[in-house]
Amino acid sequence: MAIAKAERLMNLALCLLGTRRPLSKRELRGSIEAYLEAGSDDAFNRMFERDKDDLRELGLVIETVENLDGDTGYLARRDSNRLPPITLDAEEAAALGLAAKVWQQARLAGAASGALQKLRAAGMPEAEDAYEVHSALEPRIPVHEAAFEPLMLACRDRRPVTFDYRKANAARPEQRQVEPWTLECWRGHWYLAGWDRERGAERVFRLSRISGRVRSRAGAFTAPVPDVVTVRETVESWAGETATRTARIRLKSGSGYPLRARATSVQDLGGGWDELEIPYGHGLDAWLVEFGPDVVVSEPADLRADVVDRLRAVAKD
């Protein structure tokens, strides 16, 4: 079935690239065997529209032209679908190759690989991958959240979305209506920045707290998209990166390495516990809750109370 679809897409692309004038749906149906075998006009129309969208997703520029008789025709001009000369040097080619390896998520991995193949076919030099030969480490950006792909497409297409979101201190999720701006990965977690319509303000959402399906909504954005979206700065302020106070916590030995990386001092208390001093700012309580029973807050008292409240809220869920 996959081979049949690939062959159909290839035939459609060749027809659109090989014509000097726009071809109508009727002409395309008569030229491609798979379309001739479609059981009805409705089945053909659905198949053609899906194929046309798939080709555009792959990067083919398809023009829609209306002739003097009012019929709609389609063509893909070769000059619009030809890459300009590639002038990358070996170091630039190596950087692109390394960047293409970063993505673990299937959709982006395929897109990155396909882009490299096109660039190499257009003359990009083959660069020796020093990372592959001399290093046991490979860069990766993990994408495990089901919400990532629909949100990525919504950011690209500027489409409003709705989804159910559970805050760290909430027992149940609530629906959010968001105009998505951008996605950013920080410390192994993905975040979405956008305009929350109900609150009338910019908000940042952690993708792992989105439950259920992300649903697209019709209509345009109601708020302007800023030129620079400071996702990381916002998340850092929530996580205590701009802290002016210090918290003391007890942490089980051999656990909580992100906390240990932030610590300004670590003391072995014995009995399998360490005491850490870490920067304390707004949102640190939400981060500490993620480590569950491995963390106990010693001081300040208000931070300890916030962590206990969040744990109780989660326990009620």
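The following conversation takes a predicted model term by term and sets its values against the definitions behind them.

Visitor: What kind of model is this, and which residues count?

Guide: The model is predicted, so local features need pLDDT of at least 70 and side-chain atom pairs count only at pLDDT 80 or more, while totals for chains, interfaces and linings use all residues. Residues are numbered from 1 along each chain as its sequence is written, and side-chain values use heavy atoms, with hydrogens and water left out.

Visitor: Why is Phe163 called buried?

Guide: Buried means under 20% relative accessible area, against over 50% for exposed and partly exposed in between, with a 1.4 Å probe and protein chains only. Phe163 has a relative accessible area of 0%, and is therefore buried; Phe205, at 1%, counts as buried too. Across the protein, buried residues make up 34% of the 317 residues, and in helix H8 (residues 148-157) they include Phe148, Leu151 and Leu153. Just after H8, Arg158 takes a positive phi of about 55 degrees.

Visitor: What makes Phe163 and Phe205 an edge-to-face pair?

Guide: Rings of Phe, Tyr and Trp (its six-membered ring) pair if their centres lie within 6.5 Å, and planes under 30 degrees apart count as stacked, over 60 as edge-to-face and the rest as tilted. The structure holds eight aromatic pairs. For Phe163 and Phe205 the centres are 5.4 Å apart and the planes stand at 85 degrees, so the pair is edge-to-face. Because Phe163 lies in strand S4 (residues 161-165) and Phe205 in strand S7 (residues 201-206), the pair ties together parts that are 42 residues apart in sequence.

Visitor: Which residues are in contact with Thr162, leaving aside its neighbours within four places in sequence?

Guide: Contact means heavy atoms within 4.5 Å, and the partners of Thr162 beyond those neighbours are Gln175, Arg176, Gln177, Arg213, Val214, Arg215 and Arg217. Thr162 lies in strand S4 and is buried, with a relative accessible area of 4%.

Visitor: How do you know that Arg250 lies over the face of Trp273?

Guide: A charge sits over a ring if NZ of Lys or CZ of Arg is within 6 Å of the ring centre and within 35 degrees of the ring normal. Arg250 lies over the face of Trp273 at 5.8 Å from the ring centre.

Visitor: What makes S9 and S12 paired strands?

Guide: Two strands pair if DSSP finds at least two bridges between them; strand S9 (residues 245-252) and S12 have four, in the antiparallel sense, and in S12 the bridge partner of Arg248 is Glu299. Five bridges likewise join S10 to strand S11 (residues 273-280), again antiparallel, with Glu275 in S11 as the bridge partner of Gln267. The hairpin of S10 and S11 has two residues between the strands, and in this hairpin Gly271 takes a positive phi near 70 degrees.

Visitor: Why is one side of S10 and of S12 left without a neighbour in the sheet?

Guide: Four strands form an open antiparallel sheet in the order S10-S11-S9-S12. Strands S10 (265-270) and S12 (295-299) stand at the edges, each with a single partner strand, so one side of each has no neighbour in the sheet.
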